[in-house]
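Hi,

Here is the structure I said I would pass on. Have a look at it first, and then read my notes below.

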Amino acid sequence: MDWYPLLNSLRIGLISTVIVFFIGIAAAYYIAKLPKAVKGALDVLLMLPLVLPPTVVGFLLLRVMGPKRILGAWFLETFGIKLTMNWWSAIFATTVVIFPLMYRTARGAFESFDENLAHAGQTLGLSNTYIFWKIRMNCCRQGILAGAVLAFARALGEYGATSMVSGYTPGKTATVSTTVYQLWQTGQDGLAFQWVLVNLAISFVVLLAVNLLEKSRERGR
């Protein structure tokens, strides 16, 4: 059994999760402070990938990153880099798809934070950076970690946008999801079922981790 699809899926999932972890936290923190009208408009925009079909997300990315499109053509002509049909092309697609999960979960965690703790830190002369990382993030860590775990799980299962942006090439761009589809298409149901079992095992572990984090947060409250 070739384990490349699993290793590639884990690699893409981990990189994408790290990216959305920091971007999602930053967006959640600053947007939560904005006026309601502006916050509502930005919420709609940032949450769109969560409700759009993944194939639509992939199509929109191709309109930007394709070799004959503005961004894709510029990278190809300037650096000789093709932004699509590589293993790392899936990172772009996966990051866009999982961002809303991280953003929304982080924002919920920040909104439940008791601002009196931050005010108390300010009266003690603590810097805003210290208050954010040592107080705010410490109090919100379970919710934020749960969002990161969910985002990672979603990244592992991403198929629609990933298949459109990076395609399927065995040993190069194959992921668990695209491999299952290709094996089913070619009538190799036995191998496809093995990958389904692998995916189910990973999903079980991820959901167990989320539940443990949720219970930990409830005990903390």
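**Salt bridges first**

Asp43 and Arg107 form a salt bridge, with their closest N and O atoms 2.2 Å apart. Asp43 sits in helix α2 and Arg107 in helix α5, so this pair ties together parts that are 64 residues apart in sequence. Asp43 counts as buried because its relative accessibility is 11%, and Arg107 counts as buried too, at 7%. Before you go further, keep in mind that this is a predicted model.

Arg107 also forms a salt bridge with Glu111, where the closest N and O atoms are 2.9 Å apart. These two are 4 residues apart in helix α5, so about one helical turn separates them. Glu111 is partly exposed, with 45% relative accessibility. Put together, Asp43, Arg104, Arg107 and Glu111 are linked in a network of salt bridges.

The structure holds 5 salt bridges. One of them joins the side chains of Glu115 and Arg136, at 2.9 Å from N to O. Glu115 lies in helix α6 (residues 115-123) and Arg136 in helix α7, so here the parts tied together are 21 residues apart in sequence. Arg136 is buried, with a relative accessible area of 7%, while Glu115 is partly exposed at 35%.

**The core and a bent helix**

Next, the nonpolar side chains. The largest nonpolar core has 26 residues, and those with the most contacts inside it are Ile25, Met102, Tyr103, Ala106, Phe110 and Ile144. Helices α1 (4-31), α5 and α7 each supply at least two residues of this core, and α7 gives the most, with 9 residues.

Where does α7 bend? The bend is at Arg141, and it is about 65 degrees. Helix α7 (residues 128-157) spans only 37 Å between its end C-alpha atoms, whereas a straight helix of 30 residues would span 44 Å.

In soluble globular proteins, nonpolar side chains tend to be buried together. Even so, there is a nonpolar surface patch of about 470 Å² here, made by Val44, Leu45, Leu48, Leu50 and Val51. Leu45 belongs to helix α2 (residues 36-51) and counts as exposed, at 53% relative accessibility.

Finally, take a look at Met85, in the loop between α4 (70-79) and α5 (89-111). Most residues other than glycine have a negative phi. Met85 is not a glycine, yet its phi is positive, at about 60 degrees. Its relative accessibility is 41%, so Met85 counts as partly exposed.

Cheers

Notes
Residues are numbered from 1 along each chain as its sequence is written. This is a predicted model: local features need pLDDT of at least 70, side-chain atom pairs count only at pLDDT 80 or more; totals for chains, interfaces and linings use all residues. Side-chain values use heavy atoms; hydrogens and water are left out. Patches are made of residues with over 30% relative accessible area and no salt bridge: like charges are joined within 9 Å, nonpolar side chains (Val, Leu, Ile, Met, Phe, Trp, Tyr) within 5 Å. Accessible areas come from the Shrake-Rupley method with a 1.4 Å probe; for residues, only the protein chains shown count as cover. A salt bridge is a side-chain nitrogen of Lys or Arg within 4 Å of a carboxyl oxygen of Asp or Glu. Buried means under 20% relative accessible area, exposed over 50%, partly exposed in between (1.4 Å probe, protein chains only). The expected span of a helix is 1.5 Å times one less than its number of residues. The bend at a residue is the angle between axes fitted to the seven residues ending there and the seven starting there. A nonpolar core is a set of buried Ala, Val, Leu, Ile, Met, Phe, Trp, Tyr and Cys residues joined through side-chain atoms within 4.5 Å.
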